[in-house]
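Here are a few notes to read alongside the model. Take them in order, and keep the 3D view open while you go.

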Amino acid sequence: VSVLVNALPEKFCQMMHLALAGHVEAARGLPFELLPAMRACFMTANPIPVKMVLAALGVCEEAVRLPLVPPDPHLRWQILSAFKIEANMRTRA
């Protein structure tokens with residue numbers, strides 16, 4: 001199971017419901033919509049990106065333990081943009 005499910009559960013549920021209902025072609029297209037977010041999960045060490053996204057959404061704290069460190073502002077912007085997080089949430093840290 002992808003760590004991405006934690007940040008985008010609605011999309012994954014939609015994909016599963018479509019597939020189980022026999023709408024395989026519609027379900028097959030959804031992962032392509034998620035490619036930017038999938039790639040963002042690998043822009044730095046796991047679990048930094050997904051924790052940052054979940055924190056921006058108000059789900060959890062962004063804290064990571066050493067040797068992991070929060071990403072620099074530019075990388076933060078890239079990751080949050082890939083997840084289509086609103087600009088007002090990008091300033092949270």
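Predicted model: local features only at pLDDT ≥ 70, side-chain atom pairs only at ≥ 80, totals over all residues.

1. Among the elements of the chain, helix α6 (residues 73–82) has the highest mean pLDDT, at 93, while helix α7 (residues 87–90) has the lowest, at 46. Across the chain the average is 87, and 90% of the residues score at least 70.

2. Next, a helix pair. Two packed helices are described by the angle between their axes and the distance between those axes. How do α5 and α6 pack? Helix α5 (residues 48–56) meets α6 at an angle of about 70°, and the axes are 10 Å apart. Angles of 65 to 115 degrees count as roughly perpendicular, so α5 is roughly perpendicular to α6.

3. Which residues make that contact? From α5 come Pro49, Met52, Val53 and Ala56, and from α6 come Arg76, Ile79 and Leu80. Sorted by class, the contact of α5 with α6 has 6 nonpolar residues, 1 charged and no polar.

4. The largest pocket has a volume of about 230 Å³. It is lined by 13 residues, and the closest to its centre are Leu8, Lys11, Leu34, Phe83 and Lys84. The lining divides into 9 nonpolar and 4 charged residues, with no polar ones.

5. Which helix gives the most to that lining? That's α4, with 3 residues. Both α2 (9–20) and α4 (35–40) supply at least two residues each.

6. Last, some backbone details to click on. Most residues other than glycine have a negative phi, and most peptide bonds are trans. Against that background, check the bond from asparagine 46 to proline 47, which is cis with omega near 10°; proline 47 sits in the loop between α4 and α5. Another cis peptide bond joins leucine 66 and proline 67, with omega about 15°, and proline 67 is in the loop between α5 and α6.

7. You'll find lysine 84 in the loop between α6 and α7. Lys84 also turned up in the pocket, among the lining residues closest to the centre.

Definitions and conventions
Residues numbered from 1 in each chain as written. Heavy atoms only, no water. 1 Å grid on protein atoms, 1.4 Å probe; cavity = no way out; pocket = protein on both sides within 12 Å on 5 of 7 lines; lining within 4 Å. Points joined across faces, edges and corners; volume = space filled by probe spheres on them. Helix = DSSP H or I, 4+ residues; strand = E, 2+ residues; numbered from the N terminus. Nonpolar A, V, L, I, M, F, W, Y, C, P; charged D, E, K, R; others polar. pLDDT = per-residue confidence, 0-100. Axes fitted to C-alpha atoms, helices over the stretch in contact; angles between N-to-C directions. Parallel < 35°, antiparallel > 145°, perpendicular 65-115°, else oblique. Contact = heavy atoms within 4.5 Å.
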